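Please open the model in a viewer and keep the sequence panel at hand. The stops below are meant to be selected in order.

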Amino acid sequence: MARMTGEEAGVLDGLRTRTTPEIDTGKPWFLIHKGFTTVFLDLITVAYLQTKAAISHRSPSEIISELVRKELITAVSA
């Protein structure tokens, strides 16, 4: 297998840096591992995120971000 050129490596690095990682929603209970933080979710929450993601064509991360933002707005305005 041929090695990547510097230009190809730069393009790949840029792509990985700018894009949201894909999450395997087929594995219940596990959502994301980043650094040393692992978040485990119950099956109802995973099913909700999978359904909402499929319907809205957004990632589970985007849905969670939206929910957190709504919660923060509610908390700040209370």
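**Conventions**

This is a predicted model, in which local features need pLDDT of at least 70 and side-chain atom pairs count only at pLDDT 80 or more, while totals for chains, interfaces and linings use all residues. Residues are numbered from 1 along each chain as its sequence is written, and side-chain values use heavy atoms, with hydrogens and water left out.

**Stop 1: the whole chain**

Helices (H or I, at least four residues) and strands (E, at least two) are DSSP runs, numbered from the N terminus. Of the 78 residues, 12% count as buried; buried means under 20% relative accessible area, exposed over 50%, and partly exposed in between (1.4 Å probe, protein chains only). The chain exposes about 6,800 Å², of which carbon and sulfur atoms supply 63%; accessible areas come from the Shrake-Rupley method with a 1.4 Å probe, and for residues only the protein chains shown count as cover.

**Stop 2: helix H1**

Select residues 6-18, which form H1. The end C-alpha atoms of its 13 residues are 18 Å apart, in agreement with the 18 Å that 1.5 Å a residue predicts; the expected span is 1.5 Å times one less than the number of residues.

**Stop 3: the nonpolar core**

Next, show the side chains of Leu-41, Val-46, Leu-49, Ala-53 and Ile-63, the five residues of the largest nonpolar core. Helix H2 (residues 43-56) gives the most to this core, with three residues. Such a core is a set of buried Ala, Val, Leu, Ile, Met, Phe, Trp, Tyr and Cys residues joined through side-chain atoms within 4.5 Å.

**Stop 4**

Look down the axis of H2. Which residues of H2 are buried? They are Val-46, Leu-49 and Ala-53. These residues lie on the same side of H2 because they cover an arc of only 65° around the axis, the arc being that of the directions from the helix axis to the C-beta atoms. An α-helix has 3.6 residues a turn, so residues three or four places apart point the same way. On the face turned away from the buried side, find the exposed residues Ile-44, Ala-54 and Ile-55.

**Stop 4: the start of H2**

Select Asp-42, in the loop between strand E2 (37-40) and H2. Asp-42 counts as partly exposed, at 36% relative accessibility. Asp-42 caps the N-terminal end of H2, with a side-chain oxygen 3.0 Å from the backbone nitrogen of Ile-44. The Asp-42 side chain also reaches the backbone nitrogen of Thr-45 at 2.9 Å.

**Stop 5**

Finally, select His-57, in the loop between H2 and helix H3 (60-77). His-57 has a positive phi of about 60° although it is not a glycine. Most residues other than glycine have a negative phi. With a relative accessible area of 72%, His-57 is exposed.

Note on methods: Polar contact = N/O pair within 3.5 Å; in protein donor to acceptor, adjacent residues only side chain to side chain.
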